[in-house]
Amino acid sequence: MAARDQERSRFGADTHRYELAPALPEAEIRAFEEAHGIDLPAQYRSFVAEVGNGPAGPGHGLMPLTVPRPKTGEGWAVDHEWEEDRLPGRLAEPFPLTEPLPGRIGPSACGLTRGTLMLAEEGCGIYVRLILNGPRKGEVWQIDPDWGGFVPVNPGFRTWYTEWLQRGFVHES
């Protein structure tokens, strides 16, 4: 994709530059899971173990699992969101929704993200999150507190990521 979009005109390409960080060793993934009291959904876990630990991906790119994104000289809200996810016990908490929550949710959105891992930032306070536990474990949801609510966008990580790849090739053809 990088060869087809050398000017990085696709949304987010100037941030992730179509580059993948190295995959994570099994021991590092297991240590993350143990530290947070979770088992990562299989599709996401295999991606970070076999493909890469971000950043090439939807939106402004995938957030890394175990270390903050490299500093670019400017603070982004996404950095705060990443740090919030790693607060003790937050990822292991039950995901509070059983059904989508469409429409404006405003400032109360913060409590809705427990039990989820932020995957990517779409801009304007919109985040894509992976559900980590409960009946919706493994689903990919988007939270847009101002307009779109908190709703599923894909039944699994692999499909979500593959669709992003495919849209890139269709767009660039």
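The structure is a predicted model. Its chain comprises 173 residues, of which 47% are buried. Five helices and four strands are present, that is, 5 helices and 4 strands in the chain, and their order from the N terminus is α-α-α-α-β-β-β-β-α. Among contacts with a separation of 6 or more, 57% join residues 24 or more positions apart.

In helix 4, the buried residues are Val 78, Asp 79, Glu 81, Trp 82 and Asp 85. Viewed down the helix axis, these buried residues fall within an arc of 160°, and they therefore line one face of helix 4. The packing partners of the buried residues are strand 1 and strand 2 (126-131).

Arg 86 is located in the loop that connects helix 4 (77-85) with strand 1 (116-123). Although Arg 86 is buried, it forms no salt bridge. The nearest side chain of opposite charge is that of Asp 85, at a distance of 4.0 Å; Asp 85 is itself one of the buried residues of helix 4. A polar atom of the Arg 86 side chain lies 3.4 Å from the backbone oxygen of Pro 64. When residues up to four places away in sequence are not counted, Arg 86 touches Phe 32, His 36, Pro 64, Leu 65 and Leu 117.

Methods:
Residues numbered from 1 in each chain as written. Predicted model: local features only at pLDDT ≥ 70, side-chain atom pairs only at ≥ 80, totals over all residues. Heavy atoms only, no water. Helix = DSSP H or I, 4+ residues; strand = E, 2+ residues; numbered from the N terminus. Buried < 20%, exposed > 50% of the residue type's maximum accessible area, 1.4 Å probe, protein only. Lys, Arg positive; Asp, Glu negative; His and termini not counted. Polar contact = N/O pair within 3.5 Å; in protein donor to acceptor, adjacent residues only side chain to side chain. Contact = heavy atoms within 4.5 Å. Arc of directions from axis to C-beta.
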